[in-house]
Every structure is written in C-alpha cells, then in structure tokens.
Amino acid sequence: MIIENAKTYDVNDVEKIFFRPSFCGKSANEMGVRVLYNMPLPTKVPVFRHNNKILKEFSTGWQGGNSGGMSQRDLELSKLKAESSYSADSYFATVYEMLTNSAEVNMGDLTGTDLEVAETEIFRRSIVESVYATMWFGDVDGELSDYNAFDGFIRKIITTKENNGDVIHATIYPDTQDMNPNTILGGVWLEADEELRALAADGNLAYFVSSDIYDSYLFYLEENGLLQNGGGSTNIRQELHFHGIPLIEIPAKRYNVNRAKSFCVLTDRRNFILALNTADSPEKEARMWYNPDEMENRQRVVFLAGTTIVDNALFSAYIFDEGVNW
C-alpha cells in the first residue's frame, strides 16, 4: 500500500490537523502542564506574584505605584522537524490496522481519503508522543539522540540545582536509594517552599512522579485498604492522591532515559510550560510522500518547541538517577 501522490499541508492545515487538536483545549489539559501555542516570537512568559499589601488608609491622592510583582521570563524555542518513514510492508500493516478499527470505513472500497486520514492520524500521534517524551526527558547534551531536540523539565531541574545549590528545593540522588513512597511524597512536601505549599488551596498543585513511584504508592494503598474506589472500580488506571494532591504518572521506563530513573516533583501545574509554534517556523508546512528509490512512505513537519520552569521557588523534587529500592 503506497500513496504515490505527495500530500502537502500548508500552515493552516498544519495547525488545524496536526497541532491544535493535540495541544489546545482538553488535549492540552491532559498534558498535565501549561501549554502555550503559537505565542508571538520571541515568546515571553508573564510571571505574576500577587501583591497582598495594597490596602491603605484612605486619603486623597495616589498612594499606590507598586506593579504587583509582574515580571517576564523569556522562553527559548528550538527549531525542530518531525520525520518518520515506513517500508511498504510496515506501512500497510500500520495503516490497515487503523482502518479496520474504524466503523466508518468500507474495507471493500478504500478511497484515497480514507488512507490519507489514517496516515495523517498515525503521524499526528507520533508527534504528540515525541513532544511529550522530550518535554519531560529532553537533554540537548545527552546521549539519547531521540530526545535531544530541547531540554525537558527534568533536565532543567537538575541543571538549576547544579547551578544554584541550596537555593533550589531539589535533592538529586546519584545512587539507588532505599525508600518507601510515603517517605518520598512526604519528604518532597515538607521540603517545599512555604509559598508553594500555600498554593494547595488553588487546586493546581500536582505530584509528577515516575511510574515506579506511582505503582509503589498504589500497592501501599491497596495493601492497607485505603483506595477510595476499592477493588470494584472500572478505572483502567486509578487516580491517586497524597494529602489531597493528585499524582500524575510519567512513564520514564517507556522512554529508556539514562538519568532520573525515578523522580517525584511537586509543583503548580502552571509552573511547567510547554510552548509550540507553527506560525513562525520558516517551513510552514507538513509533507507526506512516497520515495520510490527507498520504497518508503515518508512524513515530515517543521515547527518550534521548548519548555521553561516559570518560578524555581515553586517546585520541590527528589530525583533518583539510579532508581529506588522498594
């Protein structure tokens, strides 16, 4: 199965088909962090600290003048390209499976439109997965070529800790540690800045944890009969909380990272920012074509992306380079 007629998507199609459905609205919320899409370049992130000292005894004239602590942080975006290729056999198997899973496709009368939709969806999913992995584990100086397009949150935490020492509420464990999940979750909470803990009332705090910490805490709750929904829940993966704060599972092992085998990061969701831009990329298009010389179906899109941590005082973390002994 091949599509010999090359398909080119212009900038509006790239936004509408590949990026906006994945990184805006509900899909952006499911990323767990704050997502900025197509912000003007250079991208600047507003940092607001509420001024709680604005009340004054009444008198005539202006007595204010405080800006409320508003500042900005520059967010550097890297120029990226997403590319994939499939041999004819692999392409047929992948696209055919997607088509058979759709009730609206007539397998006895496949049209070019059906194939194009399936091919586009495969590429869109690949982009989302790659951006998500790099968002967390990207390291431009790392050994993993799959995730060196831009620095992710974990690398930024490690770098910030190495450059600022005790100013940052993060502990990096180079060796395997013997800990239990309550010690990890509780320790991260207790070592957090008072301002971060005070944000719990806003409902945006979250523990971002590697899968092993998530699983260990889940087993602990099950063994002690502390799960809210009990064993009869139909949830595929139960949502867990520690002292009312949700745990968001980050599957580190899936991406075979070479550092931070285990980690637990407490922060306000709005403090971690992923930014993407397709409007200001020089190559404002996506292409899908068949290469007859290599007998491959190929796909490519060019865009800009990057991450930042807005306020280094508003996160607390334990990072275990060699993992945890449970």
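I take buried as under 20% relative accessible area, exposed as over 50%, and partly exposed as in between. The model I am reading is predicted.

I looked up tyrosine 220 first.

**Entry: aromatic pairs**

I took ring centres within 6.5 Å as the criterion for a pair. The count by this rule is 19 aromatic pairs. I checked phenylalanine 153 with phenylalanine 272: the ring centres are 4.5 Å apart and the planes stand at 10°, so I list this pair as stacked. Phenylalanine 153 belongs to helix H5 (residues 153-164) and phenylalanine 272 to strand S12 (residues 272-277), so the pair ties together parts 119 residues apart in sequence. I have both phenylalanines down as buried. I then went back to tyrosine 217 and tyrosine 220, which also form a stacked pair, with 6.3 Å from centre to centre and 15° between the planes.

**Entry: cluster**

Which residues form one aromatic cluster with Phe153 and Phe272? I noted Trp136, Phe137, Tyr147, Phe208, Tyr255 and Phe263.

**Entry: arginines over rings**

I found the charged end of arginine 197 over the ring of tryptophan 189, at 5.9 Å from the ring centre. I also found arginine 287 over the face of tryptophan 289, where the distance to the ring centre is 4.8 Å.

How values were computed:
Residues are numbered from 1 along each chain as its sequence is written. This is a predicted model: local features need pLDDT of at least 70, side-chain atom pairs count only at pLDDT 80 or more; totals for chains, interfaces and linings use all residues. Side-chain values use heavy atoms; hydrogens and water are left out. Rings of Phe, Tyr and Trp (its six-membered ring) pair if their centres lie within 6.5 Å; planes under 30 degrees apart count as stacked, over 60 as edge-to-face and the rest as tilted. Helices (H or I, at least four residues) and strands (E, at least two) are DSSP runs, numbered from the N terminus. Buried means under 20% relative accessible area, exposed over 50%, partly exposed in between (1.4 Å probe, protein chains only). A charge sits over a ring if NZ of Lys or CZ of Arg is within 6 Å of the ring centre and within 35 degrees of the ring normal.
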